[in-house]
Amino acid sequence: MPLHNTCKLKAKPSSPIESEALHSNGQTYVFPEVSRDSQAVYRTIHDQLVLDGNSQHNLATFCTTWIEPEVERIMDESADKNMIDKDEYPQTAAIEERCIHMLADLWNSPEAASTMGCSTTGSSEAAMLGGLALKWNWRKRRRAEGKSIDSPNLVMGPVQVCWHKFCRYFDVEIREVPMEGDRLLLTPEEVLKRCDENTIGVVVTLGVTFTLQFEPVREISMALDKLQAETGLDIPIHVDGASGAFLAPFLQPELIWDFRLPRVRSINASGHKFGLAPLGVGWALWREKHDLPEELIFDVNYLGGNMPTFALNFSRPGGEIICQYYNFLRLGKEGYREIQSECSAMGRELAVKIAALGPFEIVYDGVDGIPGLCWKLKDPASSPFTLYDVADRLRDRGWLVPAYSMPPNREDLVIQRILIRHGFTRKMAEELLHELNRTLAHLQHPAHRPDRPGTGAGSHNHSGR
Ligand SMILES: *Cc1c(COP(=O)(O)O)cnc(C)c1O
């Protein structure tokens, strides 16, 4: 029954001034006593949201911000669909299943039509599931050999925070290879130095958060093959393809990073990044059915029917997954290739133009990684400004172009990064360059800014992202 039939609601106070009054009595953190008119509440919230940033000018996020009208419609039509309720929504469940096998096919699983996988809320949840499977499989092997299962470890390069979470939440020693000098990625040599009998796996990132570059999955796999030949240690790889798993198949089909490598046992990806689905969908897939330990799958019968579930969440919206399916059907490889190539080309062009501005040295030029670029100051010690100043100034103009320091051992290195996503146009690139030029003109002449003393190198202490 609609709310207005059951409650005595005030006549609609929908002028901006009255809707302002909903919050003007300092009650923002107090649970409301009374019901209110839907229009007035909508308007209040709508007006508050107007002050959020413009997502098209957010060059920091990896996530989809460009949404086709058909996708909006599907989201609208799916607001009531609960992904876990496969008995009530068998069509939605079938769509999820199709997506899993389409991805298994895209990532060259030898058992694409029958392998295991699941949708998740994003790559973070998918990474947890991937990590858990690695841990379970390792324990099974160790138990069979009558060996200790007390101290599992996971080897990785500069990873996204989800892997720190996995290791802490699930009690696995993290062996994170630090950056050294110009080496900002994982290398086969560094992996081998850290692997032992307690290594449950190696996480290789296809599209590193900090620099957007792809780590060398194939080379690391080959090094682990050699390790196995020499020592008998058989260490699996999980690829964190949050961005890259939706890029490499289209942009670099010749790059061998996926299930074509037998050592790659599982892959995670964010549907809501370069999968181009709206926020809230990720994927975890295993190479072959037996790579996902059965003990991790729960059978649930209390929604009617019997359904296996492997997830951290239970109830979860279904719309994003349906939209992911829409994307697969609508775009196909051709459409994804077209969109990602265009983004990638724009990243490379911007890299050339930003290098030409003078004070910046390009760290990643947009080639062979995620569409985008990043740069550092050529000479931070003698620069009259920091990259944080550049970021602040651009932010004042509505552009989000983050500056942040690298993880250990290159905390001294500050980088600024741009991601190019679907929806970023050449016109926007021009506007951004124009703004960057103005910013530099402003920052390079400190005499013109008496309002901001002491903004020279090192005076800022931002925490990055
Ligand atoms: C974004 C990202 C994640 C986390 O993914 P969510 O979908 O935001 O949960 C994990 N790893 C990498 C490499 C990422 O880029």
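Which residue in E13 is the bridge partner of Tyr404? The structure examined here is a predicted model, in which local features need pLDDT of at least 70 and side-chain atom pairs count only at pLDDT 80 or more, while totals for chains, interfaces and linings use all residues. Residues are numbered from 1 along each chain as its sequence is written, and side-chain values use heavy atoms, with hydrogens and water left out.

The bridge partner of Tyr404 in E13 is Ile415. Helices (H or I, at least four residues) and strands (E, at least two) are DSSP runs, numbered from the N terminus, and two strands pair if DSSP finds at least two bridges between them. Strand E13, residues 414–419, is joined to E12 by 3 bridges, and the two run antiparallel. Both belong to an open sheet of 4 strands with antiparallel pairing, in the order E10-E11-E13-E12. Because strand E10 (360–364) and strand E12 (403–405) each have a single partner strand, they stand at the edges, and one side of each is left without a neighbour in the sheet. On average, neighbouring strands of this sheet are turned by 35 degrees against each other, direction ignored; axes are lines fitted to C-alpha atoms, for helices over the stretch in contact, and angles run from 0 to 180 degrees between N-to-C directions. Helix H11, residues 319–355, lies across E10, strand E11 (372–377) and E13, and runs at about 20 degrees to E11. In the loop between E12 and E13 is found Asn409, and the peptide bond leading from Pro408 to Asn409 is cis, with omega near -5 degrees.

Within strand E11 is the place of Leu377, which counts as buried at 9% relative accessibility; buried means under 20% relative accessible area, exposed over 50%, and partly exposed in between (1.4 Å probe, protein chains only). When residues up to four places away in sequence are not counted, Leu377 touches Pro359, Phe360, Ser383, Phe385, Thr386 and Leu387, contact meaning heavy atoms within 4.5 Å. Leu377 and Glu361 are 16 residues apart along the chain, and their C-alpha atoms are separated by 5.9 Å.

Another open sheet is formed by 7 strands in the order E1-E7-E6-E5-E4-E2-E3, and its pairing is mixed. At its edges stand strand E1 (117–120) and strand E3 (173–176), each with a single partner strand, so one side of each is left without a neighbour in the sheet. From one strand to the next, the twist averages 20 degrees. Strand E2, residues 153–156, pairs with E3 in the parallel sense over 4 bridges, and Met156 stands opposite Glu176 in E3. Strands E4 and E5 run parallel and are likewise joined by 4 bridges, with Val203 standing opposite His238 in E5. In a regular strand the side chains alternate between the two faces of the sheet. Both faces of E5 are covered, as Ile237 and Val239 on one side and His238 and Asp240 on the other are all buried. Helix H9, residues 217–231, lies across strand E4 (199–205), strand E5 (237–240) and strand E6 (264–270), and runs at about 170 degrees to E5. In the loop between E6 and E7 is the place of Leu276, a residue other than glycine whose phi has a positive value, near 70 degrees; Leu276 counts as buried, at 10% relative accessibility.

Helix H5, residues 90–106, packs on the sheet of 7 strands, touching E1 and strand E7 (282–286), and the direction of H5 makes about 60 degrees with that of E7. Met102 has its place in helix H5 and is partly exposed, with a relative accessible area of 33%. With its neighbours within four places in sequence left aside, Met102 is in contact with Tyr325, Phe328 and Leu329. The C-alpha atoms of Met102 and Arg175 are separated by 33 Å, the two residues being 73 apart along the chain. Asn108 is found in the loop between H5 and E1, where its phi is near 65 degrees, a positive value in a residue other than glycine; Asn108 is partly exposed, with a relative accessible area of 33%.

Helix H3, residues 38–50, contains Leu49, which is exposed, with a relative accessible area of 51%.
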